[in-house]
Every structure is written in structure tokens, then in C-alpha cells.
Amino acid sequence: MSETFSEMLRCENQPAWSASVQHRFVRELCDGSIANRVMARYLIQDHRFLDSFLMLLGAAMATADTLQARLRLGRSAGFVSGEENTYFLRAFTALELDEAERDGAPDAAPTAGFKHLMQEAAASGSYAAVLAVLCVAEWLYLDWASQAVQPLPPNFVHHEWITLHDNPDFRVFVAFLRSELDRVGPRAANVASEFFCRAITLEKEFLDAAYA
Ligand SMILES: Cc1ncc(C[n+]2csc(CCO)c2C)c(N)n1
């Protein structure tokens with residue numbers, strides 16, 4: 001069987017991909033041993049990129065070439081704006097982080113890098129560029145979350161961050177993003193490959209930054 005375009009990009013970006021999937025953050029999150037301050041640092045930074053992520057989803061809706069894709073992307077934007085947002089707020093409360101602590105910390109370099117990359121992809125007007133960044137952000141998370149061993153850790157701050165990225169709806173969404181990238185990527189291979197590579201590099205740096 002021949003390799004799909006998205007599989008080819010993932011292969012081309014080894015070992016960076018596996019370094020994220022097997023990252024210390026993922027290991028400690030999945031076994032529940034992660035320090036509260038590491039989880040807090042990670043979630044504060046992750047919450048920062050939600051705004052640019054929604055710009056990226058909006059750009060995907062604007063640049064998609066079919067109604068079916070726009071409808072699918074629209075549902076995902078609704079989900080990210082709803083349920084996931086309450087996870088962050090509940091987690092911030094559980095970790096006893098007040099607004100001053102959340103707002104006081106500056107953007108870490110990979111957070112700023114991600115915001116810039118997502119805004120650049122959104123402004124490019126290229127569906128392939130947007131899909132490449134979306135694909136890394138979502139597929140990488142499904143990849144590590146689906147390898148979590150049962151039973152998941154009892155703390156909701158840990159297990160919900162895993163199940164948010166490993167559930168039937170999310171699987172379908174990642175499969176959709178990959179099939180879209182497989183469909184339009186080969187026609188814009190250089191752009192897709194450049195954005196994919198920049199995104200995976202930042203994912204690894206983003207996880208490292210939680211321990212910095
Ligand atoms: C650094 C970083 N990269 C990717 C994701 C994954 N992610 C971001 S928004 C979104 C959509 C709704 O779940 C998903 C899966 C993340 N959270 N943080």
C-alpha cells in the first residue's frame with residue numbers, strides 16, 4: 001500500500017514527532033506523577049494560544065474548497081469555543097491559580113512562536129498551509145493520548161486532558177484533517193511541508209518549556 005501525504009510528512013519529521021509523543025510531559029501526565037507547577041505552567045501557556053488557534057480554524061473555514069469541509073471545521077470551532085474552555089477554567093481553579101498568576105507570566109518563546117506560525121498560516125490564504133499546522137496540533141495530541149494506559153490517573157486535571165484528545169469525535173476530526181491534507185497537500189507540497197515541519201519543532205519546544 002502506498003504511503004499517504006500526511007504519513008510521508010510525519011516520517012520526514014522523525015525523530016521530532018516521536019520526541020513529542022514520548023516526551024516526559026506525556027509520560028508524567030499519563031501516570032499522574034506530573035508536578036502541579038509543571039501542569040500549571042503548561043496549561044497557562046496552552047490557554048494563550050487558543051485565540052490564535054481559533055483564527056487558524058476560521059482561516060480553514062474561509063479557505064476550504066468544499067461545503068462539507070466548512071461544516072466539519074465549523075463544528076470543531078464550536079467545540080473548542082465551548083467545552084474545552086471550561087476545562088481550562090476548572091483546571092486553573094483546581095491548581096489554585098488566580099488571574100494574576102495566569103496573566104502575569106510572559107509568553108514563553110514556543111508560545112509566541114506558535115501564535116506567529118498560526119497567524120502566518122491563517123494570513124497565507126493557503127488551505128494546505130492551514131491544514132498542515134492543524135494536522136500537527138491535533139494528530140500529535142491524538143497520537144500520544146491514544147497510547148495512554150488504563151486506568152487513567154484519578155485527578156480530572158490529568159485524565160480530562162487525555163480524554164479531550166482521545167475520544168471518538170476527536171478521532172473522526174483528526175481523520176478528516178489528514179484526509180483533507182492528503183487531498184490538497186500534494187498540489188502545494190513545499191508550503192505544506194514547511195508549515196508541518198515548523199509546527200512539529202514548536203510542539204517539542206512547547207513541551208520542553210513546561211520544565212524550563
Ligand atoms: C501546544 C499544543 N499543541 C496542540 C494542542 C492540541 N490542540 C490545541 S487546540 C485543539 C482542539 C481542541 O481540542 C487541540 C487538540 C494543544 N492543546 N497544545
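**Loops and ligand shell in a predicted model**

P151 lies in the loop between α10 and α11 (156–163); helices here are DSSP runs of H or I with at least four residues, numbered from the N terminus. Good morning, colleagues. The structure is a predicted model, in which local features need pLDDT of at least 70, side-chain atom pairs count only at pLDDT 80 or more, and totals for chains, interfaces and linings use all residues. Residues are numbered from 1 along each chain as its sequence is written.

I return to P151. A cis peptide bond joins Q150 to P151, with omega about -5 degrees. A cis peptide bond also joins Q14 and P15, where omega is about 5 degrees. P15 is found in the loop between α1 (5–12) and α2 (16–21).

A further loop, between α7 (83–94) and α8 (99–104), holds E96. The phi of E96 is near 55 degrees, a positive value in a residue other than glycine. Is E96 buried or exposed? E96 is exposed, as 9 other C-beta atoms lie within 10 Å; the term exposed applies at 12 or fewer such atoms, with C-beta atoms placed from the backbone.

Let me turn to the ligand. It is surrounded by 11 residues, the closest being V80, A137, E138, Y141 and F206; a residue counts as near if its C-beta atom, placed from the backbone, lies within 6 Å. Two helices, α10 (127–145) and α13 (189–209), each supply at least two residues of this shell. The most comes from α10, with 3 residues. By class, the shell has 6 nonpolar, 1 polar and 4 charged residues. Here Ala, Val, Leu, Ile, Met, Phe, Trp, Tyr, Cys and Pro count as nonpolar, Asp, Glu, Lys and Arg as charged, and the others, Gly among them, as polar.

Methods: Buried ≥ 20, exposed ≤ 12 C-beta atoms within 10 Å, placed from the backbone.
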